[in-house]
Amino acid sequence: MDDYDPQVTEEKWQRVWEDEAAFVTPKSKPGALPDEKYYLLEMLPYPSGRLHVGHVRNYTIVDVLGHFWRRRGRHVLRPMGWDAFGLPAENAAIREAGHPRLITERNIASIREQMKRIGWAIDWTREISSHTPEYYRWTQWLFLRFFEAGQAYRKEAPVKWCPKDQTVLANEQVIDGRCERCGTEVESKSLEQWFYRYTDYAQQMLDDMELLESWPERVLTMQRNWIGRSEGADILFRVEGSEVDVEVFTTRPDTLFGATFFVLAPEHPLVAELVQGQPEQTEVLEYVRRTAARTVVEREQKEKDGVFTGRHAVNPATGEPIPIWVADYVLMDYGTGAIMAVPAHDERDFGFAERYNLTVRPVVAPAEGEPAAEGAFAAHSESERLVDSGEFTGMAAPDGAKAIVSWLEGKSLARAAVRYRLRDWLLSRQRYWGCPIPVVHCERCGIVAVPDDELPVLLPEVDDYTPRGKAPLAAAPDEWLHAPCPGCGEMATREVDTMDTFVDSSWYFLRYCDPRNDEAPFERGVIDYWLPVDQYIGGVEHAVMHLLYARYFCKVMNDLGLVGFREPFPRMFNHGWVHMGGAKMSKSKGTSVGPDDYVAEHGADALRLYVLFVGPADQAVDWNDSGLEGMARFLRRLWRVAHEQAEHPGMDAVSDTPLVRKTHATIAKVSDDIARRFAMNTQIAAVMELVNEIARSPDDPGARFAAETAVSLIQPSAPHIAEELWERLGHERLWEQSWPEADPSLLERETVEVVVQVNGRIRDRLHVAPNLPEEELVALARASDRVRAFMDGAEATRTVVVPGRLVNFVI
RNA sequence: GCCGGGGUGGCGGAAACGGUGAGACGCGCCUGCCUUAAAAGCAGGUGUCCCUUCGCGGGACGUGUGGGUUCGACUCCCACCCCCGGCACCA
């Protein structure tokens, strides 16, 4: 027996797989049934330079599933590609005076090489990259379909602006008031920008969660929170001494009689008009100006204040004039930017009223004899009743809410309303390295779409990528910047903003199915075969960004007849990241450990096993390589055991030995761990147990069968060594062999150990046949000397029997 | 504050349904074999405490803390402590 040399073995099999196109998936299998396919998808990676062991863990989890389902007879699609546009490459280009394309492509080449060395079963013929014109042509094409459908539109709106990256951000990209990428406090600016109208789909996103058969509960919760549905009413307030009505949204219309003042957001368009000519005008406008100068974080953290406008609104329920204030705790971009303030029943309103000595009037109270609700501002409940609320006094709060709304509805002053926290998706970016937005601005025709046959609008070369608040493309050469308007033929100017990279990753999973199509983004029939994705895998950090965007994209495409499904990823699994020093490994933070040294020392198989073995696949782990040696040890042991057994003849018939039974139990355990539980750590432990067992009884007649099975079961996790040993055991192409099946008749142990307890304490053990009748078992247990000693002559008042497990005498 | 998830040996982590022996598997550590020696490998041991005729053996305690349900609880219920993640001016 030669020594196990992972370098030799791994190189050999990687070449064989490549030569035989082992993991290349044909376009679609003619006549194949949909349930024979298995579309296995990992979230599109950003090519950030080099892989770290966190990536190795994630992709190896995917790889195990791919091998497993392929050997279970599924037609597996397992592609790879690159989310190649985006700020890091552009910033690196500015820093190093390089070109983002060259930097990106260099990174891709380097990562691809690492991936191949680890031996993942990827279909590289389907590789795609979002920065290539072949890909972004179709990103643009889809944009135009959305544009025609009114789903892509331009508007002036307050937007989040990152002063460091010099670009606008989507709401999802603002974390705690800071830019998700660089941590800079974001500012609020009013700018004209491109949006996808995904608030149209807010309700469907909620409703269609029913179609998501297997998603982590926390992701669904995060999406629900993000969409933020609330039910209530829109109510009109007349401004005293004018014809102006201001609309507010409230979730507590039952408290309308307690609305004792009225607040406008500083950005509310009515503010200037209301204070025109008032003595308070200067002070109010100064307040508005000061608020506008603050960053989002400053505004959120400062103590809330406000100014009185000198004007009053009329409470539509009481007819009473209430003062109108402008205050920074009211936000322009939720609801209507104006609120009715009910200080008795809202914590924020109460704080404000206290500060400025405004009237507090309770209008909801616990019912007679009921204790006051926990906390002064708890949500209303059946047990609370309206007080001091005119004709509604005495009604239960929820009923009162309905009654007040329909009363005002009759006077056209209110209507039931649902609001969402979700804002439209801001998709334009004032940066270079992204997909150009394919429209022109024409003085005569306005915004005009570039015709499909002129796509792609190529990203032009520019001299300077540095963001200066204006898109770098504004400085593109004239021959790019100016183009004839497709409408009137006059010279028009191209759109200079580029798209958010989340647009690129909202449809890539469709392109994988038909990656070289140059007539359409994809062929409908191919999509119908492969989609929806059978298993989607990625980090939880995309719970409210990528996953919501991609869901939205599919809904619109479905409405446009481009695809035949409403949810792309019915089954989602979140892997846990590998951490270092308590945080996710990250190249940019310098907390990153690459796979290369480990692969050079112990081989890819040992590393693959180790990253699977460190812990449950959905949990984060802190990186610690001390156990890697143990995996190498296991592989050498497997090597030795397999070679020993290769000397033994194969079994003709199925013998029934303890080792054979153990082997069948292992098949069952490994299969269930992979297919149902995603328990990659325990499936490996199970194979280790089996190998230990073979080493202990090498002359068992079932030993060769056990060894071959162990090799077969470890193949998804350690494919190179498995392939080599399989060959040395006299077989071929393990990756094509069907997955072993456990024989149910051999799953049961021949004898089981039954515990005999007296009062719940173990006093003896019996070895009996698993199907021994209960009476016999009890008789046997009662006959035990040790049991008799502890029973001390007493009779059991109760006997508990768990067949095959235990007998418990209670005295 | 609200909503999730979690606290098990020196370490990473195992234990569908409440049903033996908690601690699989691996790391680390200890002892022995092999070796001139080391590495590798192999065999065995390894929760805490106690009794022991030291050969087996036996007992008590032990899954964050305190209660509870049950013949029986890592698993169920109540209260509390701690850690991780998400949300948090959304009217």
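I took a salt bridge to be a side-chain nitrogen of Lys or Arg within 4 Å of a carboxyl oxygen of Asp or Glu, and the side chains of K160 and D333 meet in one, at 3.9 Å from N to O.

**Ground rules**

I note that this is a predicted model, in which local features need pLDDT of at least 70 and side-chain atom pairs count only at pLDDT 80 or more, while totals for chains, interfaces and linings use all residues. Residues are numbered from 1 along each chain as its sequence is written, chains are lettered from A and ligands numbered from 1 in the order in which they are written, and side-chain values use heavy atoms, with hydrogens and water left out.

**Overall layout**

I looked up the extent of chain A and found that its C-alpha atoms fill a box of roughly 100 × 85 × 50 Å along the principal axes. The secondary structure comes to 26 helices and 34 strands, where helices (H or I, at least four residues) and strands (E, at least two) are DSSP runs numbered from the N terminus. Of the 811 residues of chain A, 54% count as buried, with buried meaning under 20% relative accessible area, exposed over 50%, and partly exposed in between (1.4 Å probe, protein chains only). I also looked at contacts (heavy atoms within 4.5 Å): among those between residues at least 6 apart in sequence, 73% join residues at least 24 apart.

**Domain 1 against domain 2**

I read the domain bounds from an automatic or database domain assignment, which for chain A gives domain 1 (140-202 + 425-502), domain 2 (229-420), domain 3 (624-746) and domain 4 (752-810). The C-alpha centres of domain 1 and domain 2 lie 37 Å apart, and their contact takes eight residues from domain 1 and six residues from domain 2. Between them these two domains bury about 650 Å², 66% of it on carbon and sulfur atoms; buried area here is the accessible area (1.4 Å probe) that two parts lose on being put together, summed over both. On the domain 1 side, K160, E185 and A202 supply 46% of the area buried against domain 2, more than any other three residues. The count between domain 1 and domain 2 is one salt bridge.

**Other salt bridges**

How many salt bridges does a search of the whole structure find? The search returns 55. I picked out R117 and E10, whose closest N and O atoms are 3.0 Å apart, and which link distant parts of the chain, R117 being in helix 4 (residues 100-118) and E10 in helix 1 (residues 6-19), 107 residues apart. R117 is partly exposed at 25% relative accessible area, whereas E10 counts as buried at 0%.

E185 also pairs with R178, the closest N and O atoms being 3.4 Å apart; R178 is partly exposed at 34%, and E185 is partly exposed at 23%. For E267 and R299 the closest N and O atoms are 2.7 Å apart, with E267 in the loop between strand 12 (261-264) and helix 8 (271-275) and R299 in helix 10 (residues 296-301), 32 residues apart. E267 is partly exposed at 38%, while R299 is buried at 12%.

**Cores and helix 17**

I defined a nonpolar core as a set of buried Ala, Val, Leu, Ile, Met, Phe, Trp, Tyr and Cys residues joined through side-chain atoms within 4.5 Å. The largest has 94 residues, and those with the most contacts inside it are W425 and M557. Helix 17 (residues 546-559) gives the most to this core, with nine residues. Apart from it lies another core, of 76 residues, among them I61, V76, I667 and A718.

Leaving aside neighbours within four places in sequence, M557 is in contact with L142, F146, W507, L510, F522, L562 and V563. H546 has its place in helix 17 and is buried, with a relative accessible area of 5%. Not counting residues up to four places away in sequence, H546 touches M43, F502, S505, Y508, Y536 and F569.

**Helix 19**

Why is helix 19 (residues 604-613) largely enclosed by the rest of the structure? Nine of its 10 residues are buried, so the rest of the structure largely encloses it. The buried residues include D605 and R608 as well as A604, L607 and V611.
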